[in-house]
Amino acid sequence: MEKGEEKEAEKAHCLILPFPIQGHINPMLQFAKRLLQKGIIGITLVITKQLAKTTHYSSAAISLQTISDGFDDGAPTDINQADYLARFEEVGSTTLKEAMQGLADSGRPVDCVIFDPFLPWALQVAKELAVFAAAFFTQSCAVDHIYHHVYKGELKVPLLPGDQEILIPGLPPLRPDDMPSFVSSYGTYPPLFEVVVNQFTGLDKADWLFFNTFYNLEKEVIDYMAKSAPVKAIGPTIPSMYLDKRLPDDREYGLSVYKAVTGACTEWLNQRRPESVIYVSFGSLAKLDDRQMEELAWGLRLSNKHFLWVVRATEESKLPKDFAEETSEKGLIVSWCPQLDVLSHEAICCFVTHCGWNSTLESVSLGVPMVAMPQWTDQSTNSKFVMDVWKMGVRARGDENGLVSRETVASCIMEVVEGERAVEIKQNVIKWKELAIQAMAQGGSSDLNIQEFVTSLTS
């Protein structure tokens, strides 16, 4: 063996196992790049065989390994979530163990499994094979802290009709509609409720709990959680060139389920004045009903601002008839776009968002005020923090049926861009952006968060 090969063989080796959807893969992949930057850790990303067939992967420095979820040619469209997850656990745990044993046989034994706690069985596999295990939470500390209280039985669900203020240590007082939808609307999505609550199963055996956040952003809840668990803030997990610029080639997440429409967005934004465009996107999963789509459309028109609106192909039929043509002088509607490039563009003045955690963290890190229109899961809690804790946006609240009117959409946009609070929001936006850049340079809150982890694997 050559000297260089011997050095390579001595590297610690981490396996990264995300839940197989885009919003969970991206932050874990970015964290893997940060580990790779240390130069003494090798990384293997593990995804399902079916996902590997349908995605574009472009990170040459990180090896790719596939396992099976039991549906290598795609899950049946009529399968329910509970059955899919049960099959994934059965087949995934077996094929993960086989993959790790295969890597050991090839001279690349795994030292640590960094797993998405949506797949709690990965922890058991890691411990069976006597390797370190780190859970990687892709939602905020606040949201996971709420779920943990439900898991422990300290927050009872369903919420009682008289619950007007919910007090949880480490968090600000919360109203029922500030809670994750699985809690506030208990029973709406039973299989997903089980996923978010059961992600804490056996976590006392995990060596680390990583969170895609940064200390200053959620310091009260992080301090509280760290009293009883090995909690580490390691975010924000955003490509380096948008923040600290330490990794010159790091401009993309590296794995994409969608093909971004880059040229049209950038060219159109380049023709707009600085801070003149509203960016609108509800991520890859949220679905607006026909009435809400119509109200949002006319709200954008009522604001009289330029807008760039991402409407997935499956949602286009919900747009008002001839809306795109009638508003072509003010707006551009696309099926997908490179969100980081858009949010970092000087033409953007506001982000109308569902407040999924990745989008929220990107907006915080890139310094863009938000109008929050949460739809489900963690988004209401994220919206609470955007408006009342970080004070860098407003929440567009719906009527008794949850419908956000066109007038509300327009007035919220104007409040963020030109209203009485606009100056305060702008100041807070600048502050959080600076803290995000600082946090990325320091690994979440301190270099020790990542450096301690690396040292423990290589000592």
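Does Glu 295 count as buried or exposed, and why? In this predicted model, Glu 295 counts as buried because its relative accessibility is 14%, and the cut-off for buried is under 20%.

## Around Glu 295

Glu 295 has its place in helix 11, which covers residues 290-303. If we leave aside residues up to four places away in sequence, Glu 295 touches Leu 403, Val 404, Ser 405, Arg 406 and Val 409.

Next, a look at strand 5, which spans residues 112-115. Cys 112 and Ile 114 point one way from this strand, while Val 113 and Phe 115 point the other way. All of these residues are buried.

Strand 5 runs parallel to strand 1 (residues 12-17), and four bridges join the two. Here Cys 14 has Cys 112 of strand 5 as its bridge partner. Strand 5 also pairs with strand 6 (residues 132-137), again in the parallel sense and over four bridges. In that pairing, Val 113 stands opposite Ala 133 of strand 6. If you follow the chain in your viewer, you will find that strand 5, helix 5 (residues 121-128) and strand 6 make a right-handed β-α-β unit.

## The largest cavity

Now to the empty spaces inside. Rolling a probe the size of a water molecule over the atoms shows where empty space is left. The structure holds four cavities of 30 Å³ or more, and the largest of them contains about 90 Å³ of space.

The lining of the largest cavity includes Ser 281, Phe 282, Gly 283, Ala 286, Leu 288 and Met 293. Trp 309, Val 310, Val 311, Arg 312 and Glu 315 also line this cavity. By residue type, the lining divides into seven nonpolar, two polar and two charged residues.

## The second largest cavity

The second largest cavity has a volume of about 60 Å³. Its lining is made up of Asn 26, Pro 27, Asn 212, Thr 237, Ile 238, Tyr 253, Asn 358, Leu 361 and Glu 362. These residues divide into four nonpolar, four polar and one charged.

Which helices each supply at least two residues of this lining? They are helix 2 (22-37) and helix 14 (357-366). Helix 14 gives the largest share of the lining, with three residues.

Terms used. Residues are numbered from 1 along each chain as its sequence is written. This is a predicted model: local features need pLDDT of at least 70, side-chain atom pairs count only at pLDDT 80 or more; totals for chains, interfaces and linings use all residues. Side-chain values use heavy atoms; hydrogens and water are left out. On a 1 Å grid over the protein atoms alone, a cavity is a set of points where a 1.4 Å probe fits but cannot get out, and a pocket is an open set with protein on both sides within 12 Å along at least five of seven lines; lining residues have an atom within 4 Å of a point. Grid points are joined across faces, edges and corners, and a volume is the space filled by probe spheres set on the points. Ala, Val, Leu, Ile, Met, Phe, Trp, Tyr, Cys and Pro count as nonpolar, Asp, Glu, Lys and Arg as charged, and the others, Gly among them, as polar. Buried means under 20% relative accessible area, exposed over 50%, partly exposed in between (1.4 Å probe, protein chains only). Two strands pair if DSSP finds at least two bridges between them. A crossover is right-handed if, with the strands pointing away from the viewer, the path from the first strand over the helix to the second runs clockwise. Contact means heavy atoms within 4.5 Å.
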